[in-house]
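Open the model in your viewer and keep the sequence panel beside it. We will go from stop to stop, selecting as we go.

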Amino acid sequence: MLLFVAEVGQHSSHKNNHVRQIARDKQWLYPQYHDSQHIKIKRPDELEQEMKDPPENIDKSILDRIQGSMLGMALGDTLGAPVEFEPPEYLTVNPVTDLQEGGTWGLKKGQFTDDTSMALCLATSLIARQDFVLYDQLVRYKWWLQNGYMSSTEKCFDIGMAICDSLLEFKRRQKVFAAKYQIPFEQMDFLADFDLLKMFDVYCSNDGAAGNGALMRLAPVPLFFYRQPTLAVEYSGRSGRITHGDQKAYDACRYYGALIVATLHGESKNDILNENFYHNHKSWFDNKPLHKDIEMISTGSFKKRGGLKEGIQGIDFIVKSLEAALWAFWSDENSFEKGALSAVNLGNNTDTTAAIYGQLAGAHYTYQNLPKKWLNHLYAQNFMLCLSKWITYEGSIWNSKYESGVTKKQ
Ligand SMILES: [Mg+2]
C-alpha cells in the first residue's frame, strides 16, 4: 500500500478532495531540493539514487525499444546542442562527427537541453498520474521553466517562444481559476479533482503556433499508450496542442506518434516509411485526415537523396522539422550514428531535428544497438533507463485498467 505525504485539502464548494497525493516511495517524480528554501533543485542524475525498479517483470523486448526511444532522443539532443543555430553553410564545412562539449550553451559533453527536459517532464506526468492528464503535463513544464525541474543544469536555460508564451498563459489561467474556485494558489499544481480539472482550459496556445517544440518531447506519449493505437495517436496530437495551437502541429504529432506506435508493434522500417502508412493505419487516426502539409510528408516528401540540396531543412517549423527527421531515418543506412549526425549537420535546430530522429530511430534500432561510445557520456543515463522501465510498467497497468473499463477515454 502506498503512503502519502501531501496534505489533502478540502474546499467549501467541492466536497471531494482536490489536491493530488504524492506517493512517498516515488518522490523522485516531483521536484526535490537540497535546501529548505527550495533554491537548489536536485537534478535527474541526483534523483536516480532514490529510484527503485518497478515491482514486476516487464517485457524485455518492449523495454529495449522504449529505452531506445528515450535515450535515442537524448543522444540526438546532446549531439546537436553545441552547434544549435549554426547555419547549414557552417556545418557543411565543419561537420559534427562526435559528441562535443561547449558551443552554443556551454554544456558538458552528454548534457541535454529543453527537448529532453520537457520529454522527462511528460514521462514523469504519465507515471505520476498513471494516465494522460494535460493539466499535470503543463504543471511540470512550468516547474521546468520556473525551477529547472528535469534540467541537466538545474536551470531552464533555453526555451522556445511558443512554449514560453503558453506556459505564462497557463500560469495566468491558474491564478484566475484559483480565485474563481477559492483554491489556495499553492495547491493549484496538485489539482486532482476530476470535475475541477475538466473545467480548466488547458489549450494555452493559438492557431499559427507551429514550431517543432510540440514534436521534440513527444515520445513518452506513444511509448506509454502504444497498446491502444487510436488513443495513443489522439493523445500524441493533444500533447502537442497544449503549447502549439496550429493544426499542423497537432497532425505532425499524431503522425509521428503513430510511427512510434507502429515500431513498438514490430512493424518494419519499410512499413513505417511506406507512402501508404496513413491509409494502412487509418483507424489509428480515427479516420480523421491529416493536414495537407503533413499528408505530403506521410506520402514520402522526405525521400530526397540530395538532402539539403533538395530542400530538406532542420529549421523550427514543425513541418520541415518532421520532414528532416524522417529524411535522416530513411537515409541512415541502418546506422543510428549516421542518422543522428546527418540530422545535426542540417544545421539550425540541430539538437531538435536529431532529438526527433532519435525518438523513432531509437525505438526501431533499440537501446542495445545505440552507439556505446555516446551512451558512455550521456548525462543521467540511469535515470532515463529506470524511468523507461516505469513507462513500460505503468503503461501496462493503465492498459489493463482501460480494457477492464476502470479507466475511461478522456
Ligand atoms: Mg534544445
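Helices here are DSSP runs of H or I, at least four residues long, numbered from the N terminus. The model is a predicted one.

**Stop 1: α18.** Select residues 381–403, which form helix α18. This helix has 23 residues and spans 33 Å from first C-alpha to last, close to the 33 Å expected at 1.5 Å a residue. Now colour its buried positions. They include Phe383, Met384, Leu385, Trp390, Ile391 and Trp398. Gly395 is also buried. The buried residues of α18 pack against α1 (44–47), α2 (60–80), α4 and α8 (220–225). Step past the end of α18 to glycine 405, where phi is positive, near 85°.

**Stop 2: α4 and α5.** Show residues 114–129 (α4) and 134–147 (α5) together. Their axes lie 9 Å apart, and the helices pack at an angle of about 140°. That angle makes α4 oblique to α5. The crossing of α4 past α5 is right-handed. Which residues of α4 meet α5? They are Ser117, Met118, Cys121, Leu122, Thr124, Ser125 and Arg129. On the α5 side, pick Asp136, Gln137, Arg140, Tyr141 and Trp144. The residues of this contact divide into 5 nonpolar, 4 polar and 3 charged.

**Stop 3: glutamine 32.** Go to the segment before α1 and select glutamine 32. Is glutamine 32 buried or partly exposed? It counts as partly exposed, because it has 15 C-beta neighbours inside 10 Å. Leaving aside neighbours within four places in sequence, glutamine 32 is in contact with Gln27, Lys42 and Leu47. Finish with a distance: the C-alpha atoms of glutamine 32 and phenylalanine 170 are separated by 23 Å. Along the chain, these two residues are 138 residues apart.

Technical notes
Residues numbered from 1 in each chain as written. Predicted model: local features only at pLDDT ≥ 70, side-chain atom pairs only at ≥ 80, totals over all residues. Axes fitted to C-alpha atoms, helices over the stretch in contact; angles between N-to-C directions. Helix = DSSP H or I, 4+ residues; strand = E, 2+ residues; numbered from the N terminus. Parallel < 35°, antiparallel > 145°, perpendicular 65-115°, else oblique. Left-handed = near helix turned anticlockwise from the far one by under 90°. Contact = placed C-beta atoms within 7 Å. Nonpolar A, V, L, I, M, F, W, Y, C, P; charged D, E, K, R; others polar. Expected span 1.5 Å × (residues − 1). Buried ≥ 20, exposed ≤ 12 C-beta atoms within 10 Å, placed from the backbone.
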